[in-house]
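Work through these exercises with the structure open beside you. Try each task before you read its solution.

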Amino acid sequence: MKTIIEPFRIKSVEPLRMTSVSEREALLKEANYNLFSLKSDDVLIDLLTDSGTSAMSTKQWAGIQMGDESYAGSPSFYRFEQALRELAPFKHIIPTHQGRAAEKILFSIIGQENDKLIIPNNTHFDTTRANIEASGSQALDLVKQEGLDPQVDLPFKGDMDLKRLRDLLETQAELVPIVMLTITNNSGGGQPVSMANIRETKALCDEFNKPLFLDACRFAENAYFIKQREAGYQDKTPKEIVQEIFSYADGMTMSAKKDALVNMGGWLALNDDNLAMKARNVLILTEGFPTYGGLSGRDLEAMAVGLEEIIEEDYLNYRISSTAYFGNALDKLGIPIVKPVGGHAVYIDARAMLPHIPPSEYPGQALAIEMYRLGGIRGCEIGTVMFGQQPDGSEKLAAMDLVRMAIPRRVYTQSHIDYCIECLEEVNANKNNLRGVNISWQPPMLRHFTCHFEPK
Ligand SMILES: *Cc1c(COP(=O)(O)O)cnc(C)c1O
């Protein structure tokens, strides 16, 4: 059967506020055409991010009631620690309030020794890169060449380029304190990394005596892609695949706002006693006591349950199939998307879709505005608006102008997705009438969050 049924039913509902096109035109104007400035009550389908937007289960809400708020030694911490060890048996598990706090702690202790270190990864996520650079080190992206081409349809476009990693280690091993792999590769379109590549990256790390850390925010989605696409894994359970993935790692950073199915949380986990001791010392300064990190006991309970639910096969099948269903439908309509469809989002190539809008007039922003105007759908421009502003104030075109539609976990049903497809079909039919935008005001950095636009 073709229909993807959500492997859950709905017990508690959150009403959506319907708005008309003319209302949304007024709201856009008021927001200076910046979708970050909209009130989320005015958004019908919010695909701005999959981070912290998951719906929790009845079991997670029950866990919230069970949360023990003791300052030290809470049973909620031990339940969380045990749930994580079941998948990733790291010796030291250190909760933090979100992923970037784990990164900040890890890189501040690694960067202390020497300020010209190099940290390779397939592709660093923005906060990972920023935390490495803030510690004085260099963040180096070594994803395979194919991972940079939005049109090639290959199963594991998140794979590390092992030849370039070997070159780096052969020439500058003393400057490389750890090697990282981001699963799935978020900045590369949510593309997975193969088990073979994880295994070979670990073998290379062993050869040069370097620890391998996973930025594992979407580890379960990555495991499901391995099950579907990599020979030898079809008959394994997601849990077995996840366990094998973590067996190759010496540590991990995690945003629990992704594949732990909670709204806030994260952790750093690792085997090295000395690094863990230093990490806990920083943790106490910036996050809290080691058995709560920056979290409440109830948050730890919800994460523990989330870690059991995220590896359920029916959930993962629904998750990966429904994202693919969305992307493949747009592809059939002739809307150019980044291929293959990743785990957590569909990316439209706005530059290819709107060739009459020059990249200097932000085709991604023009498309994102139109999706909201016509359908109340909020996506996110990932292109020249986000990356084009240079530190000296000049403007440089981004490599691509994309609009990302990230799918919150367990939140929207297939009919919501069908509605989005219908809306994009109409946007596509009238695309020649779309016009670009100007930026009429911008702050000195990170302009995409607050800048003002004006339609041409
Ligand atoms: C979200 C994310 C982070 C940062 O996590 P936060 O919880 O948002 O701080 C780091 N790496 C990747 C790959 C992510 O997707």
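**Exercise 1.** Determine the hand of the crossing of H12 and H16, and describe how these helices pack.

*Solution.*
Step 1. This is a predicted model. Find helix H12 at residues 313-332 and helix H16 at residues 414-429.
Step 2. Take the axes. They come within 10 Å and cross at roughly 20 degrees.
Step 3. Angles under 35 degrees count as roughly parallel, so H12 is roughly parallel to H16.
Step 4. Now the hand. The crossing of H12 and H16 is right-handed.
Step 5. List the residues that meet. H12 brings Tyr 325, Phe 326, Ala 329 and Leu 330. H16 brings Gln 414, Ile 417, Asp 418, Cys 420, Ile 421 and Leu 424.
Step 6. Sort them by class. The contact of H12 with H16 has 8 nonpolar, 1 polar and 1 charged residues.

**Exercise 2.** Describe the packing of H3 and H11 by angle, hand and residue class.

*Solution.*
Step 1. Locate helix H3 at residues 75-87 and helix H11 at residues 297-309.
Step 2. Their axes come within 8 Å, with a crossing of roughly 25 degrees. That makes H3 roughly parallel to H11.
Step 3. The crossing of H3 and H11 is left-handed.
Step 4. Pick out the contact residues. On H3 they are Ser 76, Phe 77, Arg 79, Phe 80, Ala 83, Leu 84 and Leu 87. On H11 they are Gly 297, Leu 300, Glu 301, Met 303, Ala 304 and Leu 307.
Step 5. Count by class. The contact of H3 with H11 divides into 9 nonpolar, 2 polar and 2 charged residues.

**Exercise 3.** Classify the angle between H1 and H14, then name the residues in contact.

*Solution.*
Step 1. Helix H1 covers residues 21-30, and helix H14 covers residues 363-375.
Step 2. The two pack at an angle of about 140 degrees, with their axes 7 Å apart.
Step 3. Roughly antiparallel needs an angle over 145 degrees, so H1 is oblique to H14.
Step 4. H1 contributes Val 21, Arg 24, Glu 25, Leu 27 and Leu 28. H14 contributes Ile 369, Tyr 372, Arg 373, Leu 374 and Gly 375.
Step 5. By class, the contact of H1 with H14 has 6 nonpolar, 1 polar and 3 charged residues.

**Exercise 4.** Which residues make up domain 1 and domain 2, and how much area do the domains bury between them?

*Solution.*
Step 1. Divide the chain. Domain 1 is 21-50 + 312-455, and domain 2 is 58-309.
Step 2. Compare positions. The C-alpha centres of the two domains lie 28 Å apart.
Step 3. Turn to the contact. There, 22 residues of domain 1 touch 27 residues of domain 2.
Step 4. The domains bury about 2,200 Å² between them, 51% of it on carbon and sulfur atoms.
Step 5. Look at domain 1's side. Leu 316, Pro 340 and Arg 409 supply 24% of the area that domain 1 buries against domain 2, more than any other three residues.

**Exercise 5.** Where do Thr 184, Pro 340 and Tyr 33 lie, and what marks the backbone there?

*Solution.*
Step 1. Thr 184 lies in the loop between strand S5 (179-182) and helix H7 (195-207). The peptide bond from Ile 183 to Thr 184 is cis, with omega near -20 degrees.
Step 2. Pro 340 is in the loop between H12 and strand S9 (345-349). A cis peptide bond joins Lys 339 to Pro 340, and omega is about -10 degrees.
Step 3. Tyr 33 sits in the loop between H1 and strand S1 (45-46). Its phi is near 60 degrees, a positive value in a residue other than glycine.

Methods. Residues numbered from 1 in each chain as written. Predicted model: local features only at pLDDT ≥ 70, side-chain atom pairs only at ≥ 80, totals over all residues. Heavy atoms only, no water. Axes fitted to C-alpha atoms, helices over the stretch in contact; angles between N-to-C directions. Helix = DSSP H or I, 4+ residues; strand = E, 2+ residues; numbered from the N terminus. Parallel < 35°, antiparallel > 145°, perpendicular 65-115°, else oblique. Left-handed = near helix turned anticlockwise from the far one by under 90°. Contact = heavy atoms within 4.5 Å. Nonpolar A, V, L, I, M, F, W, Y, C, P; charged D, E, K, R; others polar. Domains from an automatic or database assignment. Buried area = accessible area lost by both parts, 1.4 Å probe.
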